[in-house]
Amino acid sequence: MSDTEILAGVPGVRHLGSGKVRELFEVDGNLLLVASDRMSAYDYVLETPIPDKGKILTQLSLWWFEQLADVVPNHLVTTDPAMFPVELRDHKDVLSGRSMLCERLSMIEIECVARGYLTGSGLAEYQERGTACGVPLPAGLVDGSRLDYPIFTPAAKAAVGEHDENIDFAETSERVGADLAAEIRDLTLAIYDRAHRIAAERGIILADTKFEFGRRADGTVVLADEVLTPDSSRFWPADQWEPGHAQPSYDKQYVRDWLTSPASGWDRHSGEAPPPLPDEVIERTRARYVEAYERLTGEAFR
Ligand SMILES: N#Cc1c(N)ncnc1-c1cnn(Cc2cccc(F)c2)c1
């Protein structure tokens, strides 16, 4: 049975939605975010789970919330099973450290992306128009170039499985109002600056990242969702950074390399789902998630 089915069977727990790799439930007026061990690559959710991925990424979000507490309030209520509603306290997904109980917020429907380096959809727009989300950039930049200063490149949220649509600041202001657009832009860039510095001290480049914000009833803007995980961010090993080509992904590279190698027998342009991953790729990918957690937090993953 999937996480959704198991938890939804618990009295007082209502399934609200599914992301590619996460589940969202309502519990006594709060929200429960459950991170699965599912992994996505090339816009597919792979059929082979990565053991402990959900716990590692949840624990990493918690650590980042602590590092950022003086920059922005967050939506975390607790991860302590003893604080969960009694019917959930001994549930495997709560006890396994992959779940966060969070404040229910009024979400701001903008994906708040900060980019310190040019790659992905930002690079594609730059190559076409010399801009990124309407922000003019200097000539001569290549894949992986560091930008003179980090930029806010918002996107309109897409349905699960679709790509978000990059929008400029004027469109963002149209959608959420000029004052709130300025507030989420400033928060996004302030959080990125702090996180980029922390990661760089640990030999990891935070190339870009995506935040979601919500508001409390009193209007306070609060950092929501997961934060600064390999699923919401691009992390590159600093000692391998070389502008001019696609940088190795800290967590997904083994999977990408195997899936695009003759060994997989898969054609990523075929429209067919990828094959199951071999044990070695699963184990090495898990090890990369553990390594990212331990390098960033300085704590052993348990
Ligand atoms: N975080 C948060 C949050 C909050 N604190 N209050 C209200 N809504 C949300 C909320 C709504 N959608 N999502 C994304 C999402 C979708 C599917 C599965 C997931 F785990 C996550 C987050």
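How many residues of domain 1 are in contact with how many residues of domain 2?

## Model and domains

In this predicted model, 26 residues of domain 1 are in contact with 27 residues of domain 2, contact meaning heavy atoms within 4.5 Å. The model is a prediction in which local features need pLDDT of at least 70 and side-chain atom pairs count only at pLDDT 80 or more, whereas totals for chains, interfaces and linings use all residues. Residues are numbered from 1 along each chain as its sequence is written, and side-chain values use heavy atoms, with hydrogens and water left out.

The protein chain is divided into domain 1 (3-104) and domain 2 (107-253), with bounds that come from an automatic or database domain assignment. Taken over C-alpha atoms, the centres of domain 1 and domain 2 are separated by 23 Å.

## The shell around the ligand

Around the ligand there are 14 residues, of which Leu31, His75, Glu103, Leu105 and Asp225 come nearest; a residue is near a molecule or strand if one of its heavy atoms lies within 4 Å of it. Domain 1 (3-104) and domain 2 (107-253) each give at least three residues to this shell. The strands β2 (22-27) and β3 (30-35) each supply at least two of the shell residues, and β2 provides the largest share, three residues; strands (E, at least two residues) and helices (H or I, at least four) are DSSP runs, numbered from the N terminus.

By class, the shell holds six nonpolar, three polar and five charged residues, where Ala, Val, Leu, Ile, Met, Phe, Trp, Tyr, Cys and Pro count as nonpolar, Asp, Glu, Lys and Arg as charged, and the others, Gly among them, as polar.

## Backbone atoms beside the ligand

A polar backbone atom of Glu103 lies 2.8 Å from a nitrogen atom of the ligand. For Leu105, the distance from a backbone N or O atom to a ligand nitrogen is 2.9 Å, and for Asp225 a backbone N or O atom is likewise 2.9 Å from a nitrogen atom of the ligand. The ligand taken alone exposes 480 Å², and the protein buries 86% of that, with accessible areas from the Shrake-Rupley method with a 1.4 Å probe and, for residues, only the protein chains shown counting as cover.

## Arg175 in helix α5

Arg175 is placed in helix α5 (residues 169-176). Not counting residues up to four places away in sequence, Arg175 touches Ile110, Ala156, Glu165 and Ile167; Ala156 is 19 residues from Arg175 in sequence and 9.3 Å away in space, C-alpha to C-alpha.

Technical notes:
Polar contact = N/O pair within 3.5 Å; in protein donor to acceptor, adjacent residues only side chain to side chain.
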